[in-house]
Amino acid sequence: MPKSALITGITGQDGSYLAELLLEKGYEVYGMVRRTSHHSFERIEHLVDRIHIVTADLLDQHSLTVVLQDIRPDEVYNLAAQSYVPTSWSQPVLTGEFTALGVTRILEAVRLVHPTARFYQASSSEMFGKVQQTPQREDTPFYPRSPYGVAKVYGHWITVNYRESYNLYAVSGILFNHESPRRGMEFVSRKITDGAARIRLGLSSQLRLGNLDARRDWGFAGDYVDAMWRMLQRPSPEDYVIGTGSAHSVRELVETAFTHVGLDWRKYVASDPAFMRPAEVDVLLADPAKAAAELGWKPTVDFKSLVEMMVDADLERLKRLR
């Protein structure tokens with residue numbers, strides 16, 4: 001019998017790449033979506049005839065329990081969340097419901113009806129926030145600087161608590177920024193690559209951003225879902241930091257994107273206080289040594305290649321639309 005996996009957040013960037021990976025490995029893949037009047041399957045359109053879509057909601061304990069009872073998957077990947085940091089300030093309670101308590105609800109469903117399932121929780125480098133050491137490792141203290149980061153800390157520790165309290169195979173992957181052409185337009189990486197493409201094609205004349213000095217450890221989402229899978233293949237559950245080990249500023253990302261399309265970014269990009277965070281996270285940098293040693297994982301796409309990949313994809317998309 002092939003292995004089966006349930007992915008919450010399958011319509012997102014990570015969910016789509018993870019579904020592809022698991023299908024390649026012969027899994028039967030179930031993707032969880034919320035019941036709404038309209039589903040956005042743009043990222044998984046090419047997969048819908050090969051996966052099973054099931055309906056449940058991280059806000060509804062009963063629906064999660066029913067899905068786990070019906071499917072009884074070998075692996076559960078909880079990728080669903082309110083994951084856009086700026087929105088977490090304008091909708092902090094909703095962010096807490098999805099990104100924090102939602103983790104508890106799905107863990108409780110696993111515990112009640114299918115405790116042999118292996119569970120992956122999508123933790124985030126935003127938990128480190130006002131960093132207490134650089135680079136950040138698995139034992140670096142958390143100091144979140146946004147409602148999103150705080151909610152992710154809760155999700156992380158409730159996963160640890162269920163592992164230790166109920167002997168569940170439950171792990172957290174502390175993933176640093178990971179991007180791709182499937183990244184949402186609201187995220188700064190995609191905002192930059194789309195902006196560079198639009199200006200190159202004459203569709204826009206200016207790009208307004210927030211803090212250009214913020215530094216992040218950026219990698220390719222397709223690499224990072226492989227790390228998720230590797231975590232659930234280990235004999236015993238362990239948490240891992242996943243990142244490239246190299247940090248770049250927002251300014252460097254802008255320069256790389258605009259240079260790729262032959263433009264001087266300084267003529268088109270402005271820093272706008274309206275896009276500044278209420279509490280800034282200045283630098284996030286991973287130490288992925290444990291993942292390299294124990295998972296055999298390492299990134300395959302470097303920073304420059306990632307940015308150029310995203311710019312090229314946005315150029316092609318905009319040309320088709322035009």
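Which strands and which helix do the buried residues of H1 pack against? They pack against strand E1 (4–8), strand E2 (28–33), strand E4 (75–78), strand E7 (178–179), strand E10 (219–220) and helix H7 (221–231). Contact here means heavy atoms within 4.5 Å.

This is a predicted model, in which local features need pLDDT of at least 70, side-chain atom pairs count only at pLDDT 80 or more, and totals for chains, interfaces and linings use all residues. Residues are numbered from 1 along each chain as its sequence is written, and side-chain values use heavy atoms, with hydrogens and water left out.

Helices (H or I, at least four residues) and strands (E, at least two) are DSSP runs numbered from the N terminus. The expected span of a helix is 1.5 Å times one less than its number of residues. Helix H1 covers residues 13–24, and its 12 residues should span 16 Å; the end C-alpha atoms are 17 Å apart, which agrees. H1 is mostly covered, with 11 of its 12 residues buried; buried means under 20% relative accessible area, exposed over 50%, and partly exposed in between (1.4 Å probe, protein chains only). Among the buried residues of H1 are Gln13, Asp14, Tyr17 and Leu21. After H1 comes Gly26, which has a positive phi, near 90°.

Helix H4 has 22 residues and reaches 31 Å from its first C-alpha to its last, close to the 32 Å expected. A kink of about 45° in H4 is centred on Leu101; the bend at a residue is the angle between axes fitted to the seven residues ending there and the seven starting there.

| Residue | Element | Relative accessible area |
|---|---|---|
| Arg105 | H4 (residues 92–113) | 16% |
| Tyr148 | H5 (residues 147–166) | 7% |
| Ala122 | E5 (residues 118–124) | 13% |

The contacts below leave aside neighbours within four places in sequence. Arg105 is in contact with Leu58, Leu59, Asp60, Gln61, Leu64 and Glu97. The contacts of Tyr148 include Gln82, Val85, Thr95, Thr99 and Glu126. Tyr148 and Glu97 are 51 residues apart in sequence, and their C-alpha atoms are 11 Å apart in space. Ala122 touches Asn78, Leu79, Lys152 and Gly173. Between Ala122 and Asn78 the C-alpha distance is 6.2 Å, at a sequence separation of 44 residues.

**Empty space**

Rolling a probe the size of a water molecule over the atoms shows where empty space is left. On a 1 Å grid over the protein atoms alone, a cavity is a set of points where a 1.4 Å probe fits but cannot get out, and a pocket is an open set with protein on both sides within 12 Å along at least five of seven lines; lining residues have an atom within 4 Å of a point. Grid points are joined across faces, edges and corners, and a volume is the space filled by probe spheres set on the points.

The structure holds 1 cavity of 30 Å³ or more. The largest cavity contains about 40 Å³ of space, and its lining consists of Glu179, Ser189, Trp218, Leu253, Phe303, Leu306, Val307 and Met310. H10 supplies the largest share of this lining, 4 residues. By type, the lining has 6 nonpolar, 1 polar and 1 charged. Ala, Val, Leu, Ile, Met, Phe, Trp, Tyr, Cys and Pro count as nonpolar, Asp, Glu, Lys and Arg as charged, and the others, Gly among them, as polar.

The second largest pocket has a volume of about 360 Å³. Of its 15 lining residues, Glu42, Pro181, Arg182, Arg190 and Arg317 lie nearest its centre. Helix H10 (residues 303–321) gives the most to this pocket's lining, with 4 residues. The pocket lining divides into 3 nonpolar, 4 polar and 8 charged residues.
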